[in-house]
Structure formats: structure tokens, C-alpha cells
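Visitor: Could you walk me through the packing and the cavities here, and explain the terms as we go?
Guide: Gladly; let us look together.

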Amino acid sequence: MTLLIFFLTAIVGGTGSPLIKHAVEIFPPMSFIFLRGILSSILILPFAYKEIKNPKPHKKLLFISTLLFAANWVFFALGIQRTTVLMGQAIYIPTGIIVAIIGFIFLKEKLTREQISGLVITLLGLSVLIVGSVKGQDLSSVGTPLGNLLVVGGLLSWASFTVVSRKISAYYSTFGLTIINFATTAVLALAIMPLVGESPTSIPVNSSSVVSILSVTAGTTAFFLLYQYLIKNTSAFLASLVIYPVSVFGALGGIIFYGEKLTPAFVTGSALIVLGVFTATSYQYAKKYIRWPLIYR
């Protein structure tokens with residue numbers, strides 16, 4: 001079941017970068033973040049209403065978690081405007097390493113041999129994917145330094161959010177944490193809008209903008225609910241590994257919507273990533289069923 005949720009999260013998450021890049025071409029960044037947060041909150045409010053009414057412990061950690069969540073959205077929305085979908089996904093490659101280090105320090109989470117091996121294989125696959133995709137292209141294909149730096153800020157925020165969220169996930173439901181993150185981000189974006197010269201009255205309203213924001217909202221809600229489920233039911237490290245297949249599906253979105261070509265490097269890198277994820281998440285369970293019939297031959 002966990003592996004199924006893992007890959008479903010990856011597929012949904014992989015559509016995010018192309019959809020967000022398209023949306024920020026229509027909406028000003030803070031207006032987009034506000035709409036994304038408020039509409040996603042409304043979408044899951046019926047499922048999280050009781051959770052909001054009941055106070056829970058660790059409010060300080062909850063506050064830090066929501067700020068990190070919001071920072072990830074802001075950094076990524078600003079950065080993806082100035083870089084490519086491929087680079088936007090590629091920069092998130094070290095997520096697992098950062099989460100593992102933070103998790104080891106603050107959560108005392110230990111890494112198994114399978115997890116470390118899976119991480120190495122996955123990083124190798126993404127290296128093949130990125131090097132093969134960028135090779136021979138001009139510098140504009142890898143985005144601007146500012147854009148990539150902003151996405152790096154999103155990476156650091158995301159990794160830190162994963163660890164902090166894991167620590168408080170035992171006290172909050174998946175719906176409860178998700179709606180708190182969405183609503184807080186929407187409020188912060190609304191507060192920032194006047195500071196960057198944006199106004200709710202200037203938000204474009206037409207068929208293209210409506211379809212765009214609703215698509216992002218649906219994908220956002222599904223992804224973060226699934227991701228919060230992984231955080232709650234696995235570990236911060238295993239949950240963070242979902243970013244790797246997300247990168248593959250995001251790159252595939254770039255191929256479909258932005259005209260990038262499918263290359264042997266993409267196929268090879270994708271296969272390695274799938275192998276890495278399997279090694280880290282399911283190999284230790286699968287080998288039990290592989291060895292069982294051999295023992296009783």
C-alpha cells in the first residue's frame with residue numbers, strides 16, 4: 001500500500017512544475033500563491049473542520065513547519081519564472097540527503113543499508129538524466145543564476161519542512177496539518193502582496209486563468225495530502241525520496257508541454273530512479289517473499 005501511495009504521489013507531484021510554471025505566466029507570483037492556498041484550503045475544509053477546532057500541542061513547531069511550507073511555495077514560484085522545468089526539478093535532487101542529515105540530528109532517525117543504497121542509485125539515475133538532458137544545449141536551457149538560487153531556497157525550506165512536519169505528525173491528522181499549511185501560506189501571501197505592488201483586484205479572471213488555477217489547486221491538494229500521509233506513516237527520509245520520481249515525471253511534463261526531446265539518457269536515468277526507489281522503500285520487504293520459497297524447496 002505504501003509503495004502505491006508513493007508512486008501515486010510522484011505522478012501527481014510530477015505535474016506540478018509544468019502547471020505552476022504556466023500559472024505564474026498568467027498570475028503575479030503572490031496572487032498565484034494566495035489563490036493556490038485559499039482554494040486548496042476550501043477544498044479540504046469539510047474534512048479538516050473538526051481538527052481546526054481542537055487545540056493540539058507543539059504549537060511552536062507547528063508555526064515553524066507552516067513557515068517553512070510557505071517559504072517553499074514562495075521561493076519555488078519566484079524561481080520557476082526564471083529557470084526551466086528541468087532545472088527546477090533537478091535542484092531538488094539533494095532533498096533526501098538534506099532530510100537524512102536533519103532527521104539524524106533532530107529525530108534520531110537511522111538509515112538502513114537499503115535506504116543508503118537506494119539513495120545512491122537514485123542520485124546516479126538523476127545525474128544521468130540531467131547531464132544527458134542539458135548536454136549540448138545553450139546556457140539558457142539551465143535557467144538564470146537568480147532563478148536557480150531561489151529554487152535552492154525552496155529546496156532547503158522543503159527539506160526542513162519535511163523533518164519538522166514528521167516530528168509533529170503524531171499529534172495532527174493529515175487533513176489538519178495540510179489545511180493549516182495551506183491557509184497560513186494564503187494569509188502570508190495576501191500580506192506580502194501590497195509590498196510587491198500586487199492587489200487582489202488585479203488578479204486576472206478569464207477562462208485560461210480559471211482553468212490554470214483550478215488545475216494547480218487540484219494537483220496541490222492531492223499531492224500534499226498524499227505526501228503528508230507518507231510523512232506520517234513512514235519516515236522523513238522515505239517520504240523525501242518521492243522527490244526523485246517527481247523529478248522524472250516533471251521532466252516528462254517538460255517534454256510534453258515545452259518540447260524537450262525524449263533521449264536515451266532520460267530512459268536510462270528514469271530506470272535507475274525507479275530501481276533506487278524500490279531498493280530504498282520495498283526491497284527489504286520483497287526479499288522476504290523471494291527467499292521464503294527457496295528455504296522450503
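Visitor: Which helix supplies the largest share of the lining of the largest cavity?
Guide: That is α10, with 6 residues. Helices are DSSP runs (H or I, at least four residues), numbered from the N terminus. The model is predicted: local features need pLDDT of at least 70 and side-chain atom pairs count only at pLDDT 80 or more, while totals for chains, interfaces and linings use all residues. Residues are numbered from 1 along each chain as its sequence is written, and side-chain values use heavy atoms, with hydrogens and water left out.

Visitor: What makes this a cavity, and which residues lie nearest the centre of the largest one?
Guide: On a 1 Å grid over the protein atoms alone, a cavity is a set of points where a 1.4 Å probe fits but cannot get out, and lining residues have an atom within 4 Å of a point. The largest cavity is lined by 23 residues, and Gly13, Gly16, Ile20, Arg36 and Phe223 lie nearest its centre. Its volume is about 360 Å³, a volume being the space filled by probe spheres set on the points, which are joined across faces, edges and corners. The whole structure has 2 cavities of 30 Å³ or more.

Visitor: How does the lining of the largest cavity divide by class?
Guide: There are 12 nonpolar, 10 polar and 1 charged residues. Ala, Val, Leu, Ile, Met, Phe, Trp, Tyr, Cys and Pro count as nonpolar, Asp, Glu, Lys and Arg as charged, and the others, Gly among them, as polar.

Visitor: Why are α1 and α2 called roughly parallel?
Guide: Their angle is about 25°, with axes 5 Å apart. Axes are lines fitted to C-alpha atoms, for helices over the stretch in contact, and angles run from 0 to 180 degrees between N-to-C directions. Angles under 35 degrees count as roughly parallel, over 145 as roughly antiparallel, 65 to 115 as roughly perpendicular and the rest as oblique. So α1 and α2 are roughly parallel. Val12, Gly13 and Gly14 of α1 meet Gly16, Ser17 and Pro18 of α2, where contact means heavy atoms within 4.5 Å.

Visitor: And why is α2 oblique to α12?
Guide: The two pack at about 50°, with axes 7 Å apart, and that angle makes α2 oblique to α12.

Technical notes: On a 1 Å grid over the protein atoms alone, a cavity is a set of points where a 1.4 Å probe fits but cannot get out, and a pocket is an open set with protein on both sides within 12 Å along at least five of seven lines; lining residues have an atom within 4 Å of a point.
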